[in-house]
Each structure stands twice: as structure tokens, then as C-alpha cells.
Amino acid sequence: MAEFMGYMILFASNQAFISNKISNFVNMKRPFNTHIEDIDLKFWHDLIESHGKLVTLNAGDYICHAGEPSSLCGYVKSGYLCLEFIKHDGETKIGGFAFKDALIGDFPFCLNNEPSHFDIVARRKSKVWLMDGQILKGICDNDPYAGKQWELLMESSYRSLLNRFCNILLKSPAERYANLICEHPQIEQDVPQKDIAAYLQISPQYLCRLRKTRIKGNSDNTEI
């Protein structure tokens, strides 16, 4: 009997272990900033911390402005930032978001203190590690491992940029929204709707209609 009870306890423990594994898998979220998946992230974080400083940004604080020389680069410790493009009529388009752990900077231009192509602005209180990109350039030029990691970062960033480009050109706004929510369901809790709309290249009003359609569809499926 004692042996039987032992098997039952072991079975129950394994069930709990398997259940936790399944739960962790289901709840696992792919990073929004996919460029960090293919690089040695610890290397970059350690390098930036050893040559930079931790800065606290309030919502609305900028790291760089479009058209102005900037050599700042780093990574997000907490909070999140936006990469903004301001059109001539004042309309804001968001090229991307930088969440926790993401590398930030107008690469590769920040390595030579060239004018930035976009604004990088904090959307909420954020902590960011920042260093001088010109120092980073010297390290990558003289350290073979750093140079290799730089190549991997550029390759990964290019893939992310190409995916974003194709997404905008080839998919409808409804498809872009559906894909965003499917791949990053937490984003509606993390980011204001107006910023999501600017990222999807649609108006806030149209995003509202898409959300209502999705919520209604989910409700109909639940009733079935």
C-alpha cells in the first residue's frame, strides 16, 4: 500500500511538473524586438554597461532627434521607447517600439555621430543604459568577437526591418493588426491605442473599429 501511495505521489508530482511546463509554453511570448533573438544579448548588455551609464527617462524625454547628430546607443533596462518619424504635416508615424532588453540607437549611423533618421523618445518612465557609439565603433573595429557580434546584429536588424517593410506593403491594415495581436497579445496592455495605430500606419478611429470587430468575434466564438 505504501509503495502504491508512493507511485501516486510521484504521478501527481509529474502531472504538476508537466502542467507547469505546458502553462509556461502557452504563456511564453516572443520578444517584440526580434533582433535580440539572434545575438549574444549578454555580451551587448555587459559591453554597454561597462562603457556607459544608466539613465532614467521620463515620458517624453528624447535620446535623439531626427536630423540632429547623435552618437548615443544602448539598451532598455525597463519601460519602453518609440522610434518616431514626424511628417511635414506634423503627423507622427511610429517605426517601432523598444521594450525591455532591446538595443537602441540609429545603427549604424550613431557609430559616426551622423544625423539621426528618427526620434527616439520614452513613452513612460524608463531606465536605459547609454554609451557613446563612437567608442562602440572602436571596440568593434579592434575586437574580433565584438566585430562578429556587430555583424550578427546588423544581419538580425536587417531581417527585422525587411519583415516590417513587407508587412506594411503586402498586408492589409486588418491583417497587420491581427498578426500583431496574435504574435504579441500583451501589447494592448503595454502600449496606448494611438501608438499602436501609428505603428500599424492607420488612424486611431480605424483601429477602434478593428478592435471592436475582433472583440465581437471572440464573443461570438465563446457563445458557440
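Predicted model: local features only at pLDDT ≥ 70, side-chain atom pairs only at ≥ 80, totals over all residues.
Okay, P108: you'll find P108 in the loop between β6 and β7, and β7 covers 119–122. The peptide bond joining F107 and P108 is cis, with omega at about -5°. As a reminder, most peptide bonds are trans, and most residues other than glycine have a negative phi. When I say helix or strand, I mean DSSP runs, H or I over at least four residues for helices and E over at least two for strands, numbered from the N terminus.

Residues are numbered from 1 along each chain as its sequence is written, and side-chain values use heavy atoms, with hydrogens and water left out.

N113 is partly exposed, at 34% relative accessibility. On cut-offs: buried is under 20% relative accessible area, exposed is over 50%, and partly exposed is in between, with a 1.4 Å probe and protein chains only. Then there's D101, in the loop between β5 and β6. D101 isn't a glycine either, and its phi is positive at about 80°. With a relative accessible area of 24%, D101 is partly exposed.

Now the whole chain. We have eight helices and eight strands. Of the 224 residues, 36% count as buried. The accessible surface is about 13,400 Å², and 58% of that belongs to carbon and sulfur atoms. Those areas are Shrake-Rupley with a 1.4 Å probe, and for residues only the protein chains shown count as cover. For contacts, meaning heavy atoms within 4.5 Å, take the pairs at least 6 apart in sequence: 76% of those contacts join residues at least 24 apart.

On to the strands. Four of them make an open sheet, in the order β1-β8-β3-β6, with antiparallel pairing. At the edges sit β1 (53–57) and β6 (103–104), each pairing on one side only. Pairing here needs DSSP to find at least two bridges between two strands. Inside that sheet, β3 (residues 72–78) and β8 (residues 126–132) run antiparallel and are joined by six bridges. If you want a pair to click on, G74 has L130 in β8 as its bridge partner.

There's also the β4 and β5 pair, antiparallel over six bridges. I86 is bridged to T92 in β5. The hairpin has five residues between the strands, and G90 in that hairpin takes a positive phi near 95°. So how enclosed is β5 by the rest of the structure? Largely, because five of its seven residues are buried.

Everything is on a 1 Å grid over the protein atoms alone: a cavity is a set of points where a 1.4 Å probe fits but can't get out, a pocket is an open set with protein on both sides within 12 Å along at least five of seven lines, and lining residues have an atom within 4 Å of a point. Grid points join across faces, edges and corners, and volume is the space filled by probe spheres set on the points.

By that rule we get one cavity of 30 Å³ or more. The largest cavity holds about 30 Å³. Which residues line the largest cavity? W44, I48, C73, L103, F107, L136 and L153. By class, the lining has seven nonpolar, no polar and no charged residues. The classes: Ala, Val, Leu, Ile, Met, Phe, Trp, Tyr, Cys and Pro are nonpolar, Asp, Glu, Lys and Arg are charged, and the others, Gly among them, are polar.

The largest pocket has a volume of about 1,400 Å³. It's lined by 46 residues, and G95, S157, S160, L161 and R164 lie nearest its centre. Elements giving two or more residues to that lining include β5 (92–98), α4 (144–170) and α5 (173–183). α4 gives the most, with twelve.

Last stop, E188, in helix α6 (residues 187–190). Is E188 buried or exposed? Buried, at 14% relative accessibility. Beyond its neighbours within four places in sequence, E188 contacts Y177, I181, Q193, I196, R211 and R214.
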